[in-house]
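Let's take a walk through this model together. Have the sequence and the 3D view open side by side, and follow along.

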Amino acid sequence: MNPLVLWFHKLGSPPYFYRFAGRWIPWLYTVALVAAAFGFYGALFTAPADYQQGDSFRIMYVHVPCAWMGLFAYLFMAANGFIALVWRIKLSETLAMASAPVGAAFTFITLVTGSLWGKPTWGTWWTWDARLTSELVLLFLYFGVIGLYHAIEDRRQAARAAAFLALVGVVNLPIVHYSVIWWNTLHQGQTVSLIGPSKIAPSMLWPLLTLAFATHIFFFASLFARARVALLELESGKEWVRALLPVTETSHD
Amino acid sequence: MKPGSTSAACLALLRRDLTLVWRRRGDALNPLLFAIIVVALFPFALGPETTVLARVAAGTIFVAVLLAMLLSLDALFRSDLEDGSLEQLVVSPHPLALLLGCKIFIHWLTTALPLIIIAPLLAQLLQLPPQVLPVLLTALALATPLLSLIGAVCVALTVGMRRSGMLLTLLVLPLIVPALIFGAGACNAAQDGFAHAAPLLWLAAWLVLSIIVAPLAAAAALKISLS
């Protein structure tokens, strides 16, 4: 077998993943912190103030990466849910369920920073605009997945049911998104695009991209940490978990 | 029709579910009463001015109907789970999606259709302009099956839980937002004298997609829940 494929197959095994994630978590957190510090320096000091919004636009450097991560985490959760349902891989169930609270937190931060920015700029904390509303619906979808996962006793069955709900959500997400867009729109259009030139000055763009990179790395660090704990809980009866515990004489006196 | 064939099984299931609803026809009236009471609360809260009520009428009726249906959705599979017939459906040789489709159809027929029938009464209570009524009825006829179908998928995921009511609401409502937007949007457009065909067509397109996909999804969800 091709070594990369072999490694990928090995990664599906909980003890292997536990050790792998344990090795990577400190590095990921370090990279995320350094990149975030670098990005925030750029965002707060080197990027010029916006000619219309002044300094209040700088909240975008938290808002936009978190908004991207909210969507990315949902897609990651749904992709892992799909793998978990089709190939019954235990690790994918764990990863899908571990990414739900992280994604929900990112979505929540997006909503909070958005309304903090909206107050001075639009003059209101909240408006029923397309993007705000679909972000709110996304948060509710996350809550649904998390709620369903915690409502079912059996952990593996709960993960499969919640993963299925996440998949139903993915099918519905475009419909929800476009229905909301046609319903009402005030939020500005897309300024950063992968294809073609971005409509943003380069001096403002690079901190944004650095912070987006930092949040991605942070997402995986946080995901790995959550998944490790979840795996220990799920596999608590297994030999490899017992081997991890400090060797103690089991005495009953 | 040969006994033992799939169509005979579907017919038997339809007849059984209808009989069950008929035997407990008092319960079947609850969603109607709920919708009427919710609609009747709005004039108390908003004041009796005709213009204000007419402005919010279509949206209010839509929300009331969706909530009334949501209330009854919880019980979609409950009695079948308790008496064991749900497991029989799952292990039967006939396609589960088709059988669930029959159950969803009965749910729509016994819950949504009465609500659509009393919708003109609700419209009168809230002073909806008469020319909007046909649009409202069409939108309800397209949006209520969607709620039955999407709701059935979520009910299948929560089946067997003791207190699933609040959770079910949390699962269904975000997914049903487009039905509300398109349905109430068509009514508001008609009220303002704009073209209203496009949102209705979108609703219809989504309904067609859901009729095909939702029973399959409900079957898959039920197999996860009962595994």
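Which exposed residues does the face of α3(B) turned away from its buried side carry? They are L33(B), I37(B), L41(B) and F44(B). Before going further, a word on the ground rules: this is a predicted model, in which local features need pLDDT of at least 70, side-chain atom pairs count only at pLDDT 80 or more, and totals for chains, interfaces and linings use all residues. Residues are numbered from 1 along each chain as its sequence is written, while chains are lettered from A and ligands numbered from 1 in the order in which they are written.

A residue is called buried if 20 or more other C-beta atoms lie within 10 Å of its own, exposed if 12 or fewer, and partly exposed in between, with C-beta atoms placed from the backbone. Helices (H or I, at least four residues) and strands (E, at least two) are DSSP runs, numbered from the N terminus. On those terms, P31(B), A35(B) and V39(B) are the buried residues to look for in α3(B). They sit on the same side of α3(B), because they cover an arc of only 70° around the axis, the arc being that of the directions from the helix axis to the C-beta atoms. That spacing makes sense: an α-helix has 3.6 residues a turn, so residues three or four places apart point the same way. The cover over the buried residues of α3(B) includes α4 (50–73) and α7 (96–125) of chain B.

Now zoom out to chain B as a whole. It has ten helices and zero strands. Its radius of gyration is 18 Å, close to the 17 Å that the globule rule gives for 227 residues, so chain B is as compact as a globular protein of that length. (The radius is taken over C-alpha atoms, and the rule is 2.2 Å times the number of residues to the power 0.38.) The C-alpha trace of chain B spans about 55 × 35 × 35 Å along its principal axes, and 42% of its 227 residues count as buried.

Chain A is built from eight helices and zero strands. Its C-alpha trace spans about 70 × 50 × 40 Å along the principal axes, and 40% of its 253 residues count as buried.

How do the two chains meet? Two residues are in contact if their C-beta atoms, placed from the backbone, lie within 7 Å. By that count, 21 residues of chain B are in contact with 20 residues of chain A. On the chain B side, α8 (133–158), α9 (165–191) and α10 (197–226) each supply at least two residues, and α9(B) gives the most, with eleven. That side has 18 nonpolar, three polar and no charged residues. Here Ala, Val, Leu, Ile, Met, Phe, Trp, Tyr, Cys and Pro count as nonpolar, Asp, Glu, Lys and Arg as charged, and the others, Gly among them, as polar.

For a view from chain A, pick L148(A) in helix α5 (residues 130–151). L148(A) counts as buried because it has 27 C-beta neighbours inside 10 Å. Leaving out residues up to four places away in sequence, L148(A) touches A161(A), A162(A) and L165(A), plus L157(B), L167(B) and L171(B) across in chain B.

Along with I61(B) and L136(B), V153(B) has the most contacts inside the largest nonpolar core, which has 142 residues. Such a core is a set of buried Ala, Val, Leu, Ile, Met, Phe, Trp, Tyr and Cys residues joined through C-beta atoms within 7 Å. The biggest contribution to this core comes from α8(B), with 16 residues.

R88(A) has a positive phi of about 55° although it is not a glycine, and it lies in the loop between α3 and α4 (90–122) of chain A. R88(A) is exposed, with 11 other C-beta atoms within 10 Å. Q127(B), also not a glycine, has a positive phi near 60°. Q127(B) sits in the loop between α7 and α8 of chain B and is partly exposed, with 16 other C-beta atoms within 10 Å.
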